[in-house]
Amino acid sequence: MTLSYLTQKAPPSILSQVDSKLTARETELKKQLSAVVEGYVKEVEDKLASSGGGSSVQPSGGASYQVVMIHLGVLNNWNISGIILPVLREFARQYPDIKVEVNSYEPRSSQEALQSGKEDVIVTIEPKILNIQGIMHAKVIDLPRVLIYSTANLPDPGKKLTPYDFREDEFLTVAGEDNDFVTDLIRSVCKPYGFTPKIQPVHSTDAMIMGVQCGLGVAVTDAWSRALDNPGFASLVLESTHPLSVVWKNEEKDPAIDCFVELLKTSIQQYR
């Protein structure tokens, strides 16, 4: 894009009317200001021309990359600072000029954000995203599922509980357009324990966690849930897992995004 429009002159008839009213001092200031503007525009245009009009910059290693910020999407209610902090430190060392932004989503919303270009990389347990054309993915670990319940609403304090002890409770479940899929998933998780759960759909992960905290039911979530750090919750590790994947788009084959993805996968694998 050229910036020469900044120095385009007004029609001569208008300029002549203005110049006739200017003092000698004002005329001189006008010339000086015009020279300053023209010099600034020339400098900007020279920089744009030398960079080819793009936004590429140089990392510490010398190879060019296009992004100036990487957008990472994770799932709502995850406690994963132990994963993200090491990634940010190492990535900042290798690419000091690139910033990283972290956002959180419901599983299906993170998929939509990646497809639309709002996010560059997501970490998800959503299996359907893996079949979308143009999106790369790598399964990293199997993330244990847990059943969470409120410590204020224990059926028998002091008893060693099993999932079967919650067969009469409502299982709060985040559901949307894929309600049937989520319902079938929770039923399959509970089947080895000898019961069919009572499913109560809710609209978000926050609503699910709040419902459990208020004693309105229990929920099946994963081992990264923030609820596990809250003394108001207790949990049982289940005999099933979520396949956890890193999913990303890198149509420009940007080395910075590739580096970030590799660092993220390594940090997830090492996280306990």
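Trainee: On a 1 Å grid over the protein atoms alone, a pocket is an open set of points where a 1.4 Å probe fits, with protein on both sides within 12 Å along at least five of seven lines; lining residues have an atom within 4 Å of a point. How much space lies in the largest pocket?

Mentor: First, the model is predicted: local features need pLDDT of at least 70, side-chain atom pairs count only at pLDDT 80 or more, and totals for chains, interfaces and linings use all residues. Residues are numbered from 1 along each chain as its sequence is written, and side-chain values use heavy atoms, with hydrogens and water left out. Volume here is the space filled by probe spheres set on the grid points, which are joined across faces, edges and corners. For the largest pocket that gives about 780 Å³.

Trainee: Which residues of its lining lie nearest the centre of the largest pocket?

Mentor: The lining has 35 residues. Elements giving two or more of them include α4 (107–116), β5 (170–174) and α5 (179–190); helices (H or I, at least four residues) and strands (E, at least two) are DSSP runs numbered from the N terminus. Nearest the centre lie Glu 106, Pro 107, Ile 125, Val 174 and Val 182.

Trainee: How many residues of that lining are charged?

Mentor: Sort by type: Ala, Val, Leu, Ile, Met, Phe, Trp, Tyr, Cys and Pro are nonpolar, Asp, Glu, Lys and Arg charged, and the others, Gly among them, polar. The lining has 17 nonpolar and ten polar residues, and its charged residues number eight.

Trainee: Is Ser 267 buried or exposed?

Mentor: Ser 267 sits in helix α7 (residues 255–270). Its relative accessible area is 10%. Under 20% is buried, over 50% exposed and in between partly exposed (1.4 Å probe, protein chains only), so the limit settles the class. Ser 267 is buried.

Trainee: Which backbone oxygen does the side chain of Ser 267 reach?

Mentor: Ser 267 touches Gly 82, Ile 83, Pro 86 and Val 87, not counting residues up to four places away in sequence; contact means heavy atoms within 4.5 Å. The side chain of Ser 267 comes to 2.8 Å from the backbone oxygen of Ile 83.

Trainee: How far apart in space are Pro 243 and Ile 125, C-alpha to C-alpha?

Mentor: Pro 243 belongs to strand β8. Leaving aside neighbours within four places in sequence, its contacts include Thr 124, Ile 125 and Lys 139. The pair is 118 residues apart in sequence, yet the C-alpha distance is 5.9 Å.

Trainee: Which side chain does a polar contact join to Asn 250?

Mentor: Asn 250 lies in the loop between β8 and α7 and counts as buried at 8% relative accessibility. A polar contact is a pair of N or O atoms within 3.5 Å; within protein, one must be able to donate a hydrogen and the other to accept it, and residues adjacent in sequence count only if both atoms are side-chain atoms. At 3.0 Å, the side-chain partner of Asn 250 is Asp 258.
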